[in-house]
Amino acid sequence: MEPGQELVLGRASTADISVPWDDRISRRHARLQVQSKQVHVSKIEEAENEIFLSGSGQTEFQLEPGNSFVIGSTTFQLVDSVSSFTSPRESPLEEVTFKPHELLKVKYRDADQRIDVLAHLPELILDARNDADLFHRLVTMLLSGVKHADAVAVVRLNEDDRVEVPFWERRRQAQGGFHPSGRLVKEAVKKSGRSVLHVWATREEKPEQDDYTAVAEFDWAFCTPIEDGPAGKWGLYVAGELDHPYQAGGGRSGLDLQADVKFTELVAAIVKSVRRLNQLERQQAGLRQFFAPPILSALGDNLNTEILEPRECDVTVLFCDLRGFSQHAEDSSGDLIGLLGRVSQALGIMTAHILDFGGVTGDFQGDAALGFWGWPFSSDMAPLDACRAALAIRQAFEQIRQQPEHPLSDFRMGIGIAHGRAVAGKIGTSDQVKVTVFGPVVNLASRLEGLTKHLRVPVVLDEATAQIVRSKLDRREGRVRKLAQILPYGMEKSVLVSELLPPESQAETLTEEEVACYERAVDCFITGDWEEAFRLLHAIPASDRAQDFLSLQIARSNRVAPADWDGTIRFDSK
């Protein structure tokens with residue numbers, strides 16, 4: 001804002017300062033007249049609700065930099081920037097930079113009061129709605145805990161090393177404005193990274209000059225930096241007047257100031273710790289939806305590590321989709337919110353089992369869930385764990401299908417699993433992290449899922465995954481049966497696809513002899529002996545739908561393979 005401007009604050013979009021989110025603010029609520037160092041605020045007559053300054057309703061007032069007023073549930077604060085590093089009057093009579101061990105022996109004369117203030121600090125920080133609210137709370141708390149302070153401010157250095165004052169407050173509002181020492185702030189926040197105390201002069205020692213630097217309205221001030229990672233260079237600035245001449249080595253004033261610095265450093269340390277904990281919790285919450293608990297535990301607290309950076313690696317990708325979703329959407333056009341709730345529940349089942357078996361979940365793709373294994377930690381067990389998750393998802397939906405009243409009883413799913421090289425890693429910011437995986441193997445897993453509808457089986461594997469499962473997965477957990485040599489739509493290389501079957505011990509599944517018979521039929525089909533393939537397929541129980549696919553292919557050619565048959569079935573659509 002520039003001096004001389006007159007602005008209207010209100011809810012209307014045409015207002016100079018538009019606040020459309022607060023319905024307790026009138027369309028035209030207040031008029032702001034910008035002056036050199038203040039803003040004159042006046043309530044417009046037609047405005048309904050009061051303007052509160054320092055807790056009391058006002059119709060007209062002067063707003064100083066750092067002060068704020070409230071309308072409805074919205075707080076408005078006037079922020080000023082100052083830079084006074086070159087002021088010749090800032091040179092203190094005494095400058096003290098405190099090292100941590102120097103304050104350990106300092107004792108509080110009012111320990112009970114200070115402990116009571118500190119006890120409420122974590123709650124105060126956690127309840128803050130945003131940084132502006134946090135700054136207001138910190139300043140108010142420090143004024144309560146540092147009884148010698150006449151003014152407290154939150155200060156920070158911007159990119160140009162200018163001091164900004166997001167919030168400040170004086171113990172007595174009538175005392176006027178507040179201008180921190182730029183030299184002191186720069187020394188504490190940027191140069192030393194430690195608490196720095198400046199003592200200028202007692203009231204009796206100050207020269208009576210109208211142009212004396214603004215910091216000289218105080219006898220002393222100290223600034224305690226707060227290390228806040230990438231949040232910026234900021235600190236707590238406390239200032240006041242001396243009752244007795246300052247003695248660096250001791251004396252009542254010197255010891256009191258040392259105690260105040262120690263207290264403020266405790267506040268700064270707690271603020272840093274709680275904000276760091278908040279950041280970690282936000283990161284954990286963001287990653288929890290993607291990573292299984294064992295992976296999160298292995299990553300530890302420092303989540304911004306190179307281990308999450310995108311890199312090429314061997315992964316096993318699981319793509320799980322809801323079948324017939326378009327038809328569900330059409331049938332539920334009158335209750336799309338209800339359909340969304342059911343889809344979310346189904347996706348929850350998929351992702352829960354992906355995470356249960358140590359997988360990482362990517363973003364949802366419509367009505368499909370993506371999971372992958374082998375990143376951020378490589379593992380020979382990745383293909384097996386992916387298959388265990390697929391079998392668990394299949395069993396969960398089969399159990400639901402037996403419950404006609406269940407909201408997901410009419411949902412069917414298909415799963416494609418592929419193993420190979422891909423690029424996996426995190427994308428996003430320090431507060432919001434997402435993970436992704438991309439490469440041909442991801443596309444293949446998606447194509448295999450699409451084939452489940454044609455092959456009439458719930459889970460389809462590529463050849464690489466099937467070979468690993470055959471050699472390493474205990475048959476009491478799951479089995480594999482070969483289905484066909486397929487060239488999926490949009491791909492140049494054919495794939496020998498297989499079905500992932502539950503163990504023989506489960507009801508309504510094929511016996512080992514029936515699986516072996518089916519695979520002999522597939523071998524005959526690929527080599528062109530369709531008559532024998534047809535005979536073997538008819539030895540499989542009619543309840544097995546997979547045989548229908550090959551039987552139909554054979555019947556269309558009157559049980560005779562085409563002259564140009566190369567063993568591969570080609571798909572011209574997804």
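Student: How much space lies in the largest pocket?
Tutor: About 960 Å³. A pocket here is an open set of points on a 1 Å grid over the protein atoms alone, where a 1.4 Å probe fits, with protein on both sides within 12 Å along at least five of seven lines. The volume is the space filled by probe spheres set on the points. This is a predicted model: local features need pLDDT of at least 70, side-chain atom pairs count only at pLDDT 80 or more, and totals for chains, interfaces and linings use all residues. Residues are numbered from 1 along each chain as its sequence is written.

Student: Which residues lie nearest its centre?
Tutor: Arg-394, Glu-398, Arg-401, Pro-458 and Glu-508, out of 30 lining residues. Lining residues have an atom within 4 Å of a point.

Student: Which element gives the largest share of the lining?
Tutor: α9, with six residues. Helices are DSSP runs (H or I, at least four residues), numbered from the N terminus.

Student: How do the lining residues divide into nonpolar, polar and charged?
Tutor: 11 nonpolar, six polar and 13 charged. Asp, Glu, Lys and Arg count as charged; Ala, Val, Leu, Ile, Met, Phe, Trp, Tyr, Cys and Pro as nonpolar; the others, Gly among them, as polar.

Student: New topic. At what angle do α8 and α9 pack?
Tutor: About 145°, with axes 8 Å apart. Angles run from 0 to 180 degrees between N-to-C directions, and axes are lines fitted to C-alpha atoms over the stretch in contact.

Student: Which residues of α8 make the contact?
Tutor: Ala-346, Ile-349, Met-350, His-353 and Ile-354. Contact means heavy atoms within 4.5 Å.

Conventions
Side-chain values use heavy atoms; hydrogens and water are left out. Helices (H or I, at least four residues) and strands (E, at least two) are DSSP runs, numbered from the N terminus.
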